[in-house]
Amino acid sequence: MEAYLVAMLVFAGLYALMALGLNVIWGLAGMVNLGLVGFFGLGAYASALLTTKLLWPMPLGWAAGAAVAAAAGAVMAVIVARLRGDYLAIVTLGFAEVIRLVASNEIWLTNGTDGISGIPGPWRGAVTPQQFNLIFLGIVWAAVAVAFVALARVSHSPFGRVLRAVREDEDVAAVAGKPVLWFKVRAFCLGAAVVGFAGALYAHYNAYIAPEGFAPLLTIYIVLALTAGGVGAMRGAIVGALLVLLLLEGTRFLAAAIPGVTPVQKAALREGIIALSLILLLRFRPQGLIPERTRTRASP
Amino acid sequence: MTQTRIGRRAALLGAAGGVTSFAIGGKAFGQGNPVVFGALPPLTGAGGPYGPAMLRAIQQVVEEANAAGGIRGRQIRVVAEDDQTNPDAGVRGARKLIDVDRVTALMGTWASSVTTAVAPLCWENRLPLFTVSGADSITLLPHQGFIFRTQPNSRLQISTGADFLLRQGSRRVFHMAAQSPFAQSSQDVLVEKFRAAGGQVAGYVVYERDKTAFRSEVDQIMRARVDTVFLNGYLPDVTILLRELFRAGFDGRRFTPAYAVNQNTFQTLPNEVTNGVITWQPSPDVESGAFRRLQTRFGNVEVDPYSAQTNDHAALAILAAAAAGDATGVAIRDAVRRIASGDGEKVDNVTDGLRALAAGRAINYEGASGPVDFDERGDIRGTKFRYERAENGRFALMELR
Amino acid sequence: MIQDWRDLVQVLVNGVMAGSVLMLPAIGFNCIFAVLRYPNFAVAGYATVGAFAGWIANVQWGLPAGLALVAAFLVAGAAGLLAEEAALKPLRPSGALTVAIASVALTILLENVVRFFFGNSLRGYDLPVLRDWRFDGIRVNPQQLSNTAYALAAAAALFALLAFTRLGRAMRAVADNPQLADIKGVDPDRIARVAVFIGAGLAGFGGMLIGLDTSIDPLTGFRVVLSVFAAAVVGGLGSIPGAALGAMVVGIGEEMASVVLEPAYRTVTAFLAILLVLTIRPEGLLGRRG
């Protein structure tokens, strides 16, 4: 049981990192990113390939994962910065699918749908599986803490204030002399880097990655986490991630208790409950559990 | 070789020991905790069309074993989690099964990515993983004997399939492959086989599995003027391809793995479209009762190969635990080869198997998916293949060898 | 791979067939967008619901395909209306993006409602599979031709509704300027409900057309969703003729890609089409600025 809880907390930490990254892009800069899992995948693949094929040390691989995702984020931001939110949602959704397809088809680089196995983990093999879990729990949550402190600072810095201004009204920010595009690119870059870093950690925790793991469902979980926690507030991202994991895992035990339904119906109920809770959250607590305190928007 | 021999001797000792302890333990043992096995089939996502039947097969075997008295008096319980055809969800599900339910064997993983992601958890926690995944790389993992794969690896499956096609007189084949871990290795084997026989793989297309239109791909098949098309995909996409090939008037041979055309296909497509499609799958002997039994249980319909395999997963795990007299993961792993091959009494169901083991006899389980003999890597070997032709919503046996 | 003009024509024909299947969900998507100004990702779910409603009408009640399509339209439209009123409408004050995200969740919910009642097995309609007709080597399938006809007829009916009826004029007025329309005495709420009903209904109609050409399961809508979005964006969000044109562009583009490029990269073509159009003409082929 403890091993399970520890493993789930590792996952929650990874989700929290992703939610923090999304919060910079969406929460602060107001650009929706439904291609989150694409950046997550880029980070995972970059680190996995560099550490297994070029035998880079792990911390360098993780940094590279973040860097590759950041670079992709920058390119993405330049292309989409001019677009309205609705276009942005569709373009980023498509981007993630493209990343998955490239990972499936460029076998020379990514080993295709076979995926990459045997990705090293810190002290894996030298310690017991449970010790490895605990070590990774420490690493992931340390990363969450660092990202949280750093991003909370960013959020309250002049940079963060400009981003919020851009989010609320781009034209006003532009008139005030702020280079809107440049701010958006930097925000996208920063957010993507955090998500890419999460991807890198994921790869080294699981020891294996494959294109199928980077399906849009994960993006939805993270959006759910951020919405639940409260878009804009960094604490909200972390609370939301924990809540989502509780929901994902809790529905297992809940579904098991329902009598008289087939296993497929249980599985359907589980996924349905998760989707329904997102809708209900948006309905009854649109500001999230932890609303953004500095929220400046006058009208909802 | 030496290793197997030692294994067998140890096995006999173990079995003897097990019987003694059973005799001594008597009723107390019978009232022990249930043995818990974990099933991790895909109930949602791309594997959705297969997972439910795979799980049903497992549950039915367990019910049968419980009715026969369970594993040395201990009842068996199956806990199932949905892997969502996604390695991330699969790992979380496996963690729950291993750490919360304390299962001592995992079975029924389908997607290669899920199996590869879950495999390290199994060997780290020292419990066997029974899988139907086809990627060749799976049994090459450093799994310390914990992986048992009932699906033949692509080399074995494709080379026997190619031999069959060549025997049937096929010389020009078009390989239409869904994007999967074994698309390229299948192609390599196919080219090698056809070239050696003076034939040719006249076209090779890897397609995206999730798409709903394959018209231009079918045009390529038509233009290639082949005598055979090999549809190396899965149920939803092969269903579309068969319809499109029929419309285009393709009159050559259509050859496909048995999991890509099954009972569900017959319910979806008219017979005139499916008639003549040839499928192949690993198979037990004709006289084997295991397959017939499973078919009866499924309501006398065609059984897809994945369900036949998970039927064997459950049977293997139960019989191995019974033979070892111990339901721990390591005990099951060590006993699987002992009850799956060798010169023991041939049994094709858990009831007979449990009875023979209780009587202290060695057994050799022959399953619904084949003789299920495993090599040292955990791949099946020595299996026969069954070639069938679809005729008016049923499969008619063409060849078994 | 393209050796003579016939191959090219064949690819174009294939593309039109593929595009006409995408057309109705894309039009439905844009119809909702035009009036409510948010991307409703639940069109995938509505398409699946429509496909299953059509299946019940066709296979269980024995209705011919044409009538089953009407059932698909009505049931999906009703499902859309219900979902909109119960789940999405209350979120409108929180902004378009909130509604869009809820609609993603709604799609997953609908997929699983269908899964709960129907399971994962593939289902086919009760329809003979017809052989292709050949015109000088170009193959055209009568079934697909009739699907295209159904799609065009549904699209034409919508055009006629918008062009010639009071309701249509009111819808266009709300799409152009909701405030102004309100002043003129058009009830924007009523128009929104009509737009959602028609939009979701068309998605359901399109979902059944997809099913007629393939087979259906709970993932039917999900499989085409990216191509549908691409068609809507390429044509111009909110533009109904744009969605029709965009569907053709994406349909032909995808078939072209599978010949020139690699079939495994079909979806990438749709994405490239989006990027290309947005770079050159951000409002889409037939969209309006602003």
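# Helix packing, sheets and domains in a predicted model

Trainee: At what angle do the axes of helix α1 of chain A and helix α3 of chain B cross?

Mentor: In this predicted model, helix α1 (residues 2–28) of chain A and helix α3 (residues 87–100) of chain B have axes that come within 8 Å. Angles over 145 degrees count as roughly antiparallel, and α1(A) is therefore roughly antiparallel to α3(B). The axes cross at roughly 160 degrees.

Trainee: Which residues of α3(B) make the contact with α1(A)?

Mentor: By class, the residues of this contact divide into five nonpolar, no polar and four charged. From α1(A) come A3(A), Y4(A), A7(A) and F11(A). On the side of α3(B), the residues are R92(B), R95(B), K96(B), D99(B) and V100(B).

Trainee: Which helix gives the most to the side of chain A that touches chain C?

Mentor: The contact takes 32 residues from chain A and 37 residues from chain C. On the chain A side, α4 (85–105), α10 (216–229) and α12 (263–284) each supply at least two residues. That side has 21 nonpolar, six polar and five charged residues. With 12 residues, the helix that gives the most is α12(A).

Trainee: What is the radius of gyration of chain A?

Mentor: Chain A has 12 helices and two strands, and its C-alpha trace spans about 55 × 50 × 35 Å along the principal axes. For 300 residues the globule rule gives 19 Å, and the value for chain A is close to that, so chain A is as compact as a globular protein of that length. The radius of gyration of chain A is 19 Å.

Trainee: Which strands stand at the edges of the open sheet of seven strands in chain B?

Mentor: The order of this sheet is β7-β6-β8-β9-β10-β15-β16 (chain B), with mixed pairing. From one strand to the next, the twist averages 25 degrees. A strand with a single partner has one side left without a neighbour in the sheet, and the edge strands are therefore β7 (200–207) and β16 (394–400) of chain B.

Trainee: At what angle to β7(B) does helix α7 of chain B run?

Mentor: Strand β6 (residues 172–178) of chain B pairs with β7(B) in the parallel sense over seven bridges, and A177(B) stands opposite V206(B) in β7(B). Helix α7 (residues 215–223) of chain B lies across β6, β7 and β8 (228–232) of chain B. Its angle to β7(B) is about 175 degrees.

Trainee: In β3(B), which residue is the bridge partner of G38(B)?

Mentor: Chain B also has an open sheet of five strands, in the order β2-β1-β3-β4-β5, with parallel pairing. Its edges are β2 (76–80) and β5 (147–149) of chain B, each with a single partner strand. Strand β1 (residues 35–39) of chain B pairs with strand β3 (residues 106–109) of chain B over two bridges. In β3(B), the bridge partner of G38(B) is L106(B).

Trainee: How many Å apart are the C-alpha centres of domain 1 of chain B and domain 2 of chain B?

Mentor: The domain assignment gives domain 1 (2–153 + 287–381) and domain 2 (154–282 + 384–400) of chain B. In contact are 17 residues of domain 1 of chain B and 20 residues of domain 2 of chain B. The side of domain 1 that touches domain 2 has eight nonpolar, six polar and three charged residues. The C-alpha centres of the two domains of chain B lie 31 Å apart.

Terms used: Residues numbered from 1 in each chain as written. Chains lettered and ligands numbered in written order. Predicted model: local features only at pLDDT ≥ 70, side-chain atom pairs only at ≥ 80, totals over all residues. Pairing = 2+ DSSP bridges. Helix = DSSP H or I, 4+ residues; strand = E, 2+ residues; numbered from the N terminus. Axes fitted to C-alpha atoms, helices over the stretch in contact; angles between N-to-C directions. Contact = placed C-beta atoms within 7 Å. Nonpolar A, V, L, I, M, F, W, Y, C, P; charged D, E, K, R; others polar. Domains from an automatic or database assignment. Parallel < 35°, antiparallel > 145°, perpendicular 65-115°, else oblique. Rg over C-alpha atoms; globule rule 2.2 N^0.38 Å.
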